[in-house]
Amino acid sequence: MELLSGGDMLLRALADEGVECIFGYPGGAALHIYDALFRQNKVKHILVRHEQAATHAADGYARSTGRVGVVLVTSGPGATNAITGIATAYMDSIPMVVISGQVVSDKIGEDAFQETDMVGISRPIVKHSFLVKDARDIPSIVKKAFYIASTGRPGPVVIDIPKDVTNPNDKFEYHYPERIKMRSYSPAQRGHAGQIKKAVQLLLSAKRPIIYAGGGVILGNACQQLTELARRLDAPVTNTLMGLGAYPGSDRQFLGMLGMHGFVEANYAMHHADVILAVGARFDDRVTNTPKKFCPNAKIIHVDIDPASISKTVVADVPIVGPVDSVLNDMLEILATAEEKQDSKAIEDWWKQINEWRERYGLLVKPRYRTDGNMIMPEEVIRTLYEVTKGDAFVTSDVGQHQMFTAQYYQFDKPRRWINSGGLGTMGFGLPAAMGVQYANRDATVACVTGEGSIQMCIQELSTCKQYHLPVKIICLNNQALGMVKQWQDMQYSSRYSESLYEESLPDFVKLMEAYGHVGMRVTKREELRAKMEECFAMKDRVVFMDIYVDPTEHVYPMQISPGSMRDMWLNKTERT
Amino acid sequence: MRRIISLLMENEPGALSRVVGLFSQRGYNIESLTVAPTEDRTLSRLTLTTIGDDHKIEQITKHLNRLIEVVKLVDLTEGAHIERELMLVKVRATGAQRAEVKRCVDIFRGQIVDVTATVYTIQITGTSDKLDAFFQAVGEASILEVVRSGVSGIGRGEKVLTI
């Protein structure tokens, strides 16, 4: 059997795990690993400009492919810089393995140079973590890490490796395990048959059913089943921010996103529903508004792989723990032979009601934003983006108004196309995530919708885009302010703009782009928007930054009123439901 | 409501900190905690008491189960069970008090495990309520030092927590 050092074992194990690429940044404690990386050619490496970007890029890679994103950083500041990205992945249940260098074993605890307790500091934001004590354990730990990260409810796993463990002079036998079995970890394989049957009966008896589907449907690869089920039941479907794309966004049965900035028809339908099928969603506070007032007349079926997500904030009447694809398959099977019939008259009335709401309030039925002025409206930018990219781009976003506008106005027909930080709400996510997406999908169109605030949180990655030829398109909705903060200050703080304005301090993004070797465009006139955007996306192999000056006074609507129920919303600056 | 949750987990460094960390992260309270390896050295048995309504306890047990190193878990208070806590208590015992304290220890079926001219060190086992009652009986003023082990528990009858 071959003898390998710890560093070589790590790289070999990654290759055996099928890893094609890692995102990282070298440093003292990781140098043995980086040398091992240099001496092999199976695993590629993307050198980012800040460790936070490594985690976001790996995250974007994972979200767009469904594979595990891999990060390699050094100890101390390398590890702490990665924390924000790990927390981002944790909140959105993204499979990720983060390998961090650590100071040599006998220096641990001595406040050595670049020492930080990575296992400790990351503990609340990882699915699991390992501190490697012996190089011989590396293959089995890597195997376990990937298994844990990618199965059940996915999440990030940290492997912290002291430098002496990867010493090139200490060599051991290498054997990569085919399978791994852990007595303390066995995610559910099937949903409970009795509960599934009960759920189907409830759905068939529903007069006003709705399907509320979240990111778990995408993570669990159950979009096909979800669509089939919705068609079979003729039920309306709403997606969470994380679930967009799980059900075709342009389909008749799709009501748009629900929640704080959700569509009126979606929130109304939820509020008035008598049976809610929640799949891979977790009744987040940005969805439910006040849990006590949430959907007062509904019986709730909740399907999720994670038992801890069920009945956490809203009690489920029919809880089903299991993989969403298998549970939905079981439901479809029962439906195929079910003798009960739906009340077709009731369903017809339900759709009539929903279509009335849609006609009256729907954002996509006709523009609800101003179309008569000279100002570019942010909503119009997203609609133009949707049309220019033919609705088929990978779209990442940062966090704020632009994120909500994109979620509302870009109709995602396919899963894994909408990549954003939903749970943690991490500004700075968009650009590095777009790099990961572009790396994984070389020929695809990748757009990063951002704001002039968010983009500056990871703007250094423009340099990484240059080095690795990652021609992402950056669509910056520039309103010269932290838009969402300003919106809240308008609504709740009498427009006292405490530290949310940039005044005259913004950089010249066009020149900045040129300095990085990319293309910058400034768009200030409404009539230029479409032509410039077409020009931008025609430059297939260049990074292009569109600095689009939008109406700085625009707010995101609808917006739920707190405390209230699902249906309590501001429709615009003066009207509410 | 007070609950006793007992679990088996991998006897590995860091496992305990994950359990304890979970409680602080999610705002749960630990009233007492006791942990030691079992006859199978690869496993530790951890028993903790906590207070919360049914909803909170359900969340606690779900989150504990979700920890990778937790192998199996039981809420002992859901069924018939035996709970015990060990206490060592140092009591001032001089003059007429000495006999009084001794009587009290006998009533509580404790043992005096160390004696000096002025101090008794007493060992008592029982439910937490019983240990609390002992303080009252002996008089809190005479107590010098108290060490409690935290609650251990086991289900009654055939039911066992094992892998």
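A residue is called buried if 20 or more other C-beta atoms lie within 10 Å of its own, exposed if 12 or fewer do, and partly exposed in between, with C-beta atoms placed from the backbone. The model shown is predicted, so local features need pLDDT of at least 70 and side-chain atom pairs count only at pLDDT 80 or more, whereas totals for chains, interfaces and linings use all residues. Residues are numbered from 1 along each chain as its sequence is written, and chains are lettered from A and ligands numbered from 1 in the order in which they are written.

**View 1. B:Ile82 in a strand of chain B.** B:Ile82 is exposed, with 11 other C-beta atoms within 10 Å, and it lies in strand E5 (residues 81-92) of chain B; strands (E, at least two residues) and helices (H or I, at least four) are DSSP runs numbered from the N terminus. Leaving aside neighbours within four places in sequence, B:Ile82 is in contact with B:Gly153, B:Ile154 and B:Arg156, a contact being a pair of residues whose C-beta atoms, placed from the backbone, lie within 7 Å. The C-alpha atoms of B:Ile82 and B:Gly155, which are 73 residues apart along the chain, are separated by 6.2 Å.

**View 2. An open sheet in chain A.** Six strands of chain A form an open sheet with parallel pairing, in the order E16-E15-E17-E18-E20-E19, where two strands pair if DSSP finds at least two bridges between them. Strand E16 (418-419) and strand E19 (519-523) stand at the edges with a single partner strand each, so one side of each is left without a neighbour in the sheet. Strand E15 (residues 394-397) is joined to E16(A) by 2 bridges, and A:Trp418 in E16(A) is the bridge partner of A:Val395.

**View 3. Helices packed on the sheet.** Helix H14 (residues 378-388) of chain A touches strand E17 (446-451), strand E18 (473-478) and strand E20 (544-549), and its direction makes about 165° with that of E18(A). Helix H16 (residues 430-440) of chain A touches E15, E16, E17 and E18, and its direction makes about 175° with that of E17(A). Axes are lines fitted to C-alpha atoms, for helices over the stretch in contact, and angles run from 0 to 180 degrees between N-to-C directions.

**View 4. The enclosed helix H10 of chain A.** In helix H10 (residues 264-272) of chain A, 8 of the 9 residues are buried, so the helix is largely enclosed by the rest of the structure. Its buried residues, including A:Tyr268 and A:His271, pack against elements of chain A, among them strand E9 (209-213), strand E12 (275-279) and helix H13 (344-361).

Definitions and conventions: Contact = placed C-beta atoms within 7 Å.
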